[in-house]
Amino acid sequence: MEQSHHDVGAMIPLTTEQYRQAALAVCGRAQDVEDAALLLDALGLRAALRAVAIPA
């Protein structure tokens, strides 16, 4: 049951603003720049932000 919950969550598209808010929340909890980068990478936010920032 837990796995199906995550699968459904992965199908919900986020807006650029939601990605930005998530990144700000993560960076607000980081101890320093390196910590922020590691957290963003671990959550997939850095790649997601790059994808929405660069028009295809």
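Predicted model: local features only at pLDDT ≥ 70, side-chain atom pairs only at ≥ 80, totals over all residues.
**View 1. The whole chain and its surface.** Residues are numbered from 1 along each chain as its sequence is written, and side-chain values use heavy atoms, leaving out hydrogens and water. Of the 56 residues, 14% are buried (under 20% relative accessible area, 1.4 Å probe, protein chains only). You'll find four helices and zero strands here (DSSP runs: H or I of at least four residues for helices, E of at least two for strands).

**View 2. Helix α2 against helix α4.** The axes of α2 (residues 16-29) and α4 (residues 45-53) come within 10 Å and cross at roughly 145 degrees (lines fitted to C-alpha atoms over the stretch in contact; angles run from 0 to 180 degrees between N-to-C directions). From α2, Thr16, Tyr19, Arg20, Ala22, Ala23 and Val26 meet Leu45, Ala48, Leu49 and Val52 of α4 (contact: heavy atoms within 4.5 Å).

**View 3. Helix α2 against helix α3.** Here α2 packs with α3 (residues 33-42) at about 140 degrees, the axes sitting 8 Å apart. That angle makes α2 oblique to α3 (oblique is what remains after under 35 degrees, roughly parallel; over 145, roughly antiparallel; and 65 to 115, roughly perpendicular). On the α2 side, Ala23, Val26, Cys27 and Arg29 touch Asp35, Ala36, Leu39 and Leu40 of α3.

Definitions and conventions:
Buried < 20%, exposed > 50% of the residue type's maximum accessible area, 1.4 Å probe, protein only.
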